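Good morning, and thank you for coming.

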Amino acid sequence: MAPTSKKRKFSRDKSTPPTNAKRQKKHTNGTAPTSKQRRNARVEDLAWREITIPGDLDDYEGIYGLEEVDDVEVVRDPGTNIVSYRTTGEVEENETSTTHFGHGRQDEEEGDAEEWNGFSSENDTKGGAMDVDEKDGADEWETEEDTDELEQSERPQKDDRLQGLGEIPFAGLEEENLDDEDGIDLSAWSNLELSPETLSSLSKLKFATPTPIQSAAIPEILAGHDVIGKASTGSGKTLAFGISILEHYLASSNAQAKSSREKNAKSPVALILSPTRELALQIRDHLTALCSQGRFDGPSIATLTGGLSVHKQQRLLSNADIVIGTPGRLWEIMSSGQGIMDRLKKIDFLVVDEADRLLSQGHFKELEEILTALDREEDPENGDKKYIKQAAKRNRQTLVFSATFHKGLQQKLAGKSKYTGDLMDQKESMEYLLKKLNFRSSKPKFIDVNPVSQMATGLREGILECAGTEKDLFLYTLLIMHPQTHTLIFTNSISAVRRLTPLLANLDLPALPLHSQMPQKARLRSIERFTASKSSILVATDVAARGLDIPGVELVLHYHVPRAADAYVHRSGRTARAGLQGSSVLLCSPEEVNGVRRLVAKIHAGQSSAGRSLTSLDADHRVVARLKPRVHLAKRIADVALAKEKKSSGDAWMRQAAEDLGVNYDSEEMDAAGGGQRGRGGGRKKKERADREVTRDEVRALRAELRELLAKRVNVGVSERYLTGGGVDVDALLRGERGEFLGGVAPLGFDV
Ligand SMILES: Nc1ncnc2c1ncn2[C@@H]1O[C@H](COP(=O)(O)OP(=O)(O)OP(=O)(O)O)[C@@H](O)[C@H]1O
C-alpha cells in the first residue's frame, strides 16, 4: 500500500513558455552575485524547482503550475534583443535532463518516474472530469507529487528504475538477480554475436536464452533490414528491438560522443511509437532495465506521453538517444519546433509497437503527421517545405511489431497487396500509413515465429455461460472461487469499470479501476497497486489489453465479450507470459455464446484440437444461488452511490451553465421536466432518480445488511467449512480442500 502522507507538487502552467513571468527569478541569499562569477546557461539547463504553495490550496491538477529558479541573471542584448541567462549556481548538463543508465547520474526522467511512487489519495481513482484518452495525449497537467521527492532523487540507480510503473518487477529483474553475474550460461546467445556489454546485461537479467522472436529478429535488424515481427503475447518482442537498438547505440557515435561530452550535436538513435501511455512507460522500463545492468555509458531515454508536463518532456527530448512516445503527445512536441523535428528526422530506427493497433485505430491523424514530418524535406527547387514523396528515402530502419496482424495488414506489409491511394475507409487509411512508413527496402523481412497461434502456449481458455443479467453474480462467484489469484477483468466500457469496481469493493474484494478517463496518476497508481498485491483485482477497459507486462497475472476474465479477435488475443495475453501458465475465461450470455465460439475457433484455426480448445465451464449453481443476495445488495449500494455522484457532478455543471446564461437553476425542476421521458433510457433514468432519493440512513441499513450476509457461511449442505466473512477459508483452499469447502463440488472444473 502506498504511503498515506503526501506533498503536493506544482508544475508550471502548461500554457507558459519557459521564459514566462511565471518562472520566478529569485536570489535566495539576498545579495545578487556579481556577473563576474557567473556563466551562461541554457534556460532548460537551469536548476528549476517546483514551488510549494500552501497546503490548504488544491493544485487542481497542476493548474498553478509554477517552477522557480534561484540565482539567475537575465541579460537582454539591446542590439539583438536576445535574452541569455547567467548563473553562478548549478547548471544541469544536458545529459542530466534525461534518463541515463550505467553511470549513476540523476536526472529528470528519473524524476518523472519518482512521481509515480507512493500514491496515497483515493480521490482521483474514480473517473475524473478530465479527458485523458490515451490516443490524443492532449492533456498535460502534472498533478500531485508524493513525499520523499528529493530524498528519492538521491537513491542509487538500481532503485530508480523500480519507481512508478518501473516498480513492476519484470520477470527475472528482481533485486536479488542484479548482482548475480557469473552463474548464467549465455552460450544460447552466441549466434547473435552481441557485444560483451549487452551480454553482461543479459547475464545480470538472468536471461539465459533468447526467445524465438529475439533469435530471429535481432540478426536481421543488426544486418540493417527493415523487420516486421510477429510473435505471441508475452514472448519478448520489446527486447527483440530493444537489444538491437542498444547494440547499434553502443557501436555508434552517440555512445562515443557521450563519453567525450559532445552529446549536444547528436540526434536520437531511435523513435519508438506506442499506442498507450502505460505501454510507452513500460517500454522505457524494459529498456532501462536492459541498459542499467551493464558497466557502460547507456543511452538517455525520453518518454513523451499525455498526462505529464509537456515542457518537461520537451526538455528531456533535447538530449535523448531513444525517444518513446504516444502519437498525440509526440506530434504535439514535434510540431512545436523545427529543431526537434530536424533531430528526429535523423533517427536510425523507427519502431512501431503494437503496429496493428497504431496503424488502424484512432491514431490516424497524428501518425500521419508524424510519418509525413519525418520525411519532409525542403524542396530545393521551390524553397518551400513540400513533402518530397519517396525521393527522400531516409536511412532509417523501420521495425514493426505485434502479436496480431490482421490478414490485410499482413499481406500489405509483406508487399503482396498494392496501395490504392483511397483514404476513405479504415483499411485504405492503413494502406496509406504503411506507405508512409517508407520502408528502406521494397520488401521488409517478415518474421512470424508463431504462424499458427498468436496465443501463449501456457494459456488455458474457458467459457462460462450465464444470463446477461447475472454476469455480476457469476463474476463474483468466479472471484471468490479463486481467492489470492491475481486477476485482470476486462470490460468494454468505462461505465462498466466505474460500476464494477465499487460493486466488488462492497463485496470486500480489492478491486482497482483502470480506464482512459482517469487522471494519468490514478491510472499508474492502479497498475502499481495491482502489481504490488497478488490478491488485488484490476477492472479495466481495453486500455490495458495491449502490451502490459504485469508479472504474475494468473487469470484474465472477459466480463464483456471482446469486440474483435485481436482484442481477445491481447487481453488473454496479459497472463501466461514469458513461458508461465495462466487462464482466460469468457463470461458469456446465451446469445453471445455462438458468436464467441466462432471468433475463438477462427483464432485457433489451423491448430490441432489437442493444441488449443475453449473449455466449457460451469459453476456450482447451489453456490451461485446462495451468493445472489450478497451481490444484489452490493449492487444496490453501488448504484445508489453512482447515482448520487452523477447527480452532484451533473448539478455542478448545470449550475455553472445556468450561471453563465444568467438563469436560475433548480435541479428538482429540471428532473421533473425530464421525468416524463419515455422510451430508450427512460427506465434507467427513473431508476437513477429513485436511487438518488435513497437516504443516508437507508444506505447505512443496506450496508449493515450486506455486512451480515458477508459474515454468514454459505452452506450448500455438504460441509460446514464454507465461505465466511465475505472471503473464503484461504488456508483450506491452499491445502487443496477447495472441493469440500464448496460442498464437494470442484470449482468450475478449471483450476487456475
Ligand atoms: N530472453 C528472455 N528471457 C527471459 N525473459 C525474457 C526474455 N526476453 C524478455 N523476457 C521477459 O518476457 C516478458 C514479456 O516480454 P514483452 O513484454 O517484451 O512481451 P511482448 O512479446 O512484447 O508481449 P505483448 O505482445 O503482450 O506486448 C517480460 O517480462 C520480459 O522481461
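Which backbone atom of G234 lies 2.8 Å from an oxygen atom of the ligand? It is a backbone N or O atom of G234, and such a pair is a polar contact, that is, a pair of N or O atoms within 3.5 Å.

Before I continue, please note that this is a predicted model, in which local features need pLDDT of at least 70, side-chain atom pairs count only at pLDDT 80 or more, and totals for chains, interfaces and linings use all residues. Residues are numbered from 1 along each chain as its sequence is written, and side-chain values use heavy atoms, leaving out hydrogens and water.

A polar backbone atom of G236 is 3.2 Å from a ligand oxygen atom. D549 contributes a polar side-chain atom, 2.5 Å from an oxygen atom of the ligand. On its own the ligand has 640 Å² of accessible area, and the protein covers 93% of this (Shrake-Rupley method, 1.4 Å probe).

Around the ligand there are 22 residues, each with a heavy atom within 4 Å of it. Those that come nearest are G234, K237, T238, D549 and R577. The shell divides into 6 nonpolar, 11 polar and 5 charged residues, with Gly counted as polar and Asp, Glu, Lys and Arg as charged.

Finally, the protein chain. Of its 752 residues, 55% are buried, meaning under 20% relative accessible area with a 1.4 Å probe. The chain exposes about 32200 Å², of which carbon and sulfur atoms supply 51%.

Notes. Buried means under 20% relative accessible area, exposed over 50%, partly exposed in between (1.4 Å probe, protein chains only). A polar contact is a pair of N or O atoms within 3.5 Å; within protein, one must be able to donate a hydrogen and the other to accept it, and residues adjacent in sequence count only if both atoms are side-chain atoms.
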